[in-house]
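Biologist: I would like to go through this model feature by feature. Please give the general idea each time, and then the case at hand.

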Amino acid sequence: GGVFGYRLALHSMDDGGSPANCTANTQVLLARQGVYGLIGYLGSASALAVSSLATTAGRPVLAAVSGATALRVPFKANLLNVRAAVTDEMHALLNYVIQSTAYTRLSIVYDPDFVDYGGADLAGWAAALREVHLTF
């Protein structure tokens with residue numbers, strides 16, 4: 001098996017959910033001879049921590065599971081996310097509620113202590129509301 005005659009092997013490392021450990025593990029993987037790409041980073045903090053490492057090394061990051069806007073803007077050709085952007089999820093949710101329900105008032109609970117990467121989540125809600133002519 002393989003791809004275009006190249007043998008594939010999966011080398012997994014446990015980061016314990018820590019972005020610092022994720023970065024260290026990624027540096028070890030990138031230093032190995034023959035590591036072509038990286039796969040399966042779970043969560044925005046981990047994906048953000050390794051994004052610049054992979055870009056500098058010229059390696060793709062496949063199947064990152066993150067909704068962070070910072071992983072999409074500016075566009076990163078070597079990064080393939082498998083989750084929609086949080087802002088896209090917000091737009092879809094708001095459009096569904098407005099088009100499919102009789103609700104005339106909505107509440108948005110926002111926790112600034114939750115990982116938000118520069119206010120992107122709150123800005124996403126504001127943009128989604130403007131799109132349907134509503135405000136906070």
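Predicted model: local features only at pLDDT ≥ 70, side-chain atom pairs only at ≥ 80, totals over all residues.

Biologist: Where is asparagine 78 placed, and is it buried or exposed?

Modeller: Helices (H or I, at least four residues) and strands (E, at least two) are DSSP runs, numbered from the N terminus. Asparagine 78 sits in the loop between strand E2 (61-64) and strand E3 (79-81). For accessibility, buried means under 20% relative accessible area, exposed over 50%, and partly exposed in between, with a 1.4 Å probe and protein chains only. Asparagine 78 has a relative accessible area of 19%, so it is buried.

Biologist: What polar contact joins the side chains of asparagine 78 and threonine 55?

Modeller: A polar contact is a pair of N or O atoms within 3.5 Å; within protein, one must be able to donate a hydrogen and the other to accept it, and residues adjacent in sequence count only if both atoms are side-chain atoms. Here the side chains of asparagine 78 and threonine 55 are joined by one of 3.3 Å.

Biologist: How do I read backbone angles?

Modeller: Most residues other than glycine have a negative phi, and most peptide bonds are trans. In the loop between E2 and E3 lies proline 74, and the peptide bond joining valine 73 to proline 74 is cis, with omega about 0°. Alanine 63, in strand E2, is not a glycine but has a positive phi of about 60°. Its relative accessible area is 24%, so alanine 63 is partly exposed. Histidine 133 also has a positive phi, near 60°; it lies in the segment after helix H4 (120-131). Histidine 133 is exposed, at 73% relative accessible area.

Biologist: At what angle do the axes of H1 and H2 cross?

Modeller: Axes are lines fitted to C-alpha atoms, for helices over the stretch in contact, and angles run from 0 to 180 degrees between N-to-C directions. The axes of H1 (residues 19-31) and H2 (residues 44-57) come within 8 Å and cross at roughly 25°. H1 is therefore roughly parallel to H2, a term for angles under 35 degrees. On the H1 side, residues including Cys22, Thr26 and Leu30 meet H2 residues, among them Ala49, Val50 and Leu53.

Biologist: What do phenylalanine 136 and alanine 128 touch?

Modeller: Not counting residues up to four places away in sequence, phenylalanine 136 touches Ile108, Leu122, Trp125, Ala126 and Leu129. Phenylalanine 136 belongs to the segment after H4 and is exposed, with a relative accessible area of 61%. Alanine 128 lies in helix H4 and is buried, at 2% relative accessibility. With the same exclusion of residues up to four places away in sequence, alanine 128 touches Met90, His91 and Leu94.

Notes
Residues numbered from 1 in each chain as written. Heavy atoms only, no water. Parallel < 35°, antiparallel > 145°, perpendicular 65-115°, else oblique. Contact = heavy atoms within 4.5 Å.
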